[in-house]
Amino acid sequence: MDKKMLTLPTFEEASEVVKKVTLETKLIYSDFLSNQTGNKVYLKPENMQLTGAYKLRGAYYKMSTLTDEERSKGLITASAGNHAQGVAYAAKCYGAKATIVMPTTTPLIKVNRTKSYGADVVLYGDVYDEACEKAYELAAEHGYTFIHPFDDLAVATGQGTIAMEIIKELPLVDYILVPIGGGGLATGVSTLAKLLNPKIKVVGVEPAGANCMQVSIAEGKVTTLPAVNTIADGTAVKTPGSKLFPYIKNNLDQIITIHDEELVVAFLDMVENHKMVVENSGLLTVAALKHLDAEGKKVVSILSGGNMDVITMSSVVQQGLILRDRIFTVSVLLPDKPGELHRVSGLIAEVNGNVIKLEHNQFVSINRNAAVELRITLEAFGTEHKKEIIDALETEGYQPKLVRTNTIYNG
């Protein structure tokens with residue numbers, strides 16, 4: 001079956017098949033990102049899909065290519081999130097039994113959501129690779145049909161239907177930015193885009209801490225990274241798909257890598273300017289806009305998913321505010337006498353600083369002239385306002401020191 005995949009007829013067939021289960025995710029023009037980058041930027045909001053991500057496309061199309069016998073054996077896959085929900089939902093549509101092996105570190109919300117579609121969930125291993133090995137074992141033991149999360153040409157064909165929709169809606173698109181984990185989405189999108197219009201540039205975007213495709217292309221062969229480290233868990237893949245690699249090599253024009261700090265800031269941009277929750281992997285293509293060497297072009301960023309648990313979300317928001325200088329902490333030493341705290345708070349109020357938290361420690365020194373340490377966590381409008389607050393404290397002789405108390409969330 002795979003030999004017939006990734007051709008124009010199969011992409012057309014897949015586009016019709018996936019319409020049965022996908023929501024229409026029309027392009028959203030972004031004034032904010034267009035003004036920032038000098039391009040006409042459109043967002044493809046796959047975070048608004050039924051299961052919260054594009055993965056339903058590949059899973060459902062793959063399911064349609066299986067025989068009744070293959071489906072009746074039961075299906076199995078390994079996934080930390082979006083593919084799990086895609087397979088579980090697709091199996092439910094076909095009345096097939098699905099077993100999903102998920103790493104033990106998978107957030108409870110993703111486990112419960114996968115179960116809600118009727119799938120059996122097996123928790124095994126710390127990372128995807130260990131869960132995948134277990135899934136292969138169970139497939140061999142019980143005769144289940146294995147559906148790979150990315151290294152499958154039918155799955156990649158289903159994911160490529162996104163490109164069909166983009167080009168139908170925006171025929172003169174110049175650039176399509178696509179996230180890369182294992183490469184299924186990038187393979188489908190880049191192959192179909194080039195079949196329809198070879199002039200379209202397709203740019204892959206990877207986390208800097210999980211750039212397996214970039215390394216593989218540089219080496220000229222599929223290469224496994226020794227380790228991955230990124231908050232973009234949906235694209236934290238050590239080894240890209242070997243079946244997909246030739247297509248990526250032929251059809252992808254460029255790969256951009258993104259550091260975690262950029263994803264944190266992009267999350268804030270999407271929430272504040274577009275009122276959308278996009279998971280870290282889906283934000284890769286938003287962060288990459290600033291690195292794109294183009295101007296005055298029509299650019300589409302694929303937002304691949306929006307499945308982020310609330311604990312991660314709150315941490316990312318906090319980190320984003322810190323990185324944007326919207327929240328910061330300073331330490332000042334005060335004489336141990338009445339009225340000093342009032343004086344400092346009045347000074348901050350004069351320059352419109354908003355105090356979030358105060359920590360008052362009288363036991364840092366035996367010197368009565370500078371005996372009290374005051375740690376003030378403040379809200380500011382941004383970098384310029386932060387500087388204005390610090391300058392005001394310095395002018396009054398307080399010698400404020402910035403306190404770095406937070407690191408980027410990585411989990």
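Contact is defined here as heavy atoms within 4.5 Å. The structure is a predicted model, in which local features need pLDDT of at least 70, side-chain atom pairs count only at pLDDT 80 or more, and totals for chains, interfaces and linings use all residues. Residues are numbered from 1 along each chain as its sequence is written, and side-chain values use heavy atoms, with hydrogens and water left out.

Strand β4 (residues 98-102) contains T99; helices (H or I, at least four residues) and strands (E, at least two) are DSSP runs, numbered from the N terminus. T99 counts as buried because its relative accessibility is 6%, where buried means under 20% relative accessible area, exposed over 50% and partly exposed in between (1.4 Å probe, protein chains only). When neighbours within four places in sequence are left aside, T99 is in contact with L75, I76, T77, D120, V122 and Y144.

I76 also belongs to the largest nonpolar core, of 76 residues, in which I76, I176, V189 and I302 touch the most other members. Such a core is a set of buried Ala, Val, Leu, Ile, Met, Phe, Trp, Tyr and Cys residues joined through side-chain atoms within 4.5 Å. Apart from it lies another core, of 31 residues, with Y175, L177, M270 and V286 among them. Not counting residues up to four places away in sequence, the residues touched by I176 include I166, V189, I200 and I302.

In helix α1 (residues 8-18), the buried residues are T10, F11, A14, S15, V17 and V18. They lie on the same side of α1, because they cover an arc of only 165° around the axis, the arc being that of the directions from the helix axis to the C-beta atoms. These buried residues pack against α3 (55-65), α8 (153-159), α9 (161-169) and α10 (184-196).

β1 and β2 (residues 40-45) run antiparallel and are joined by 2 bridges, and Y29 stands opposite Y42 in β2.

The lining of the largest pocket comprises 46 residues, of which A80, D233, G234, T235 and A236 lie nearest its centre. On a 1 Å grid over the protein atoms alone, a pocket is an open set of points where a 1.4 Å probe fits, with protein on both sides within 12 Å along at least five of seven lines, and lining residues have an atom within 4 Å of a point. At least two residues of this lining are supplied by each of α5 (82-94), α7 (128-142) and α10.

Definitions and conventions. Two strands pair if DSSP finds at least two bridges between them.
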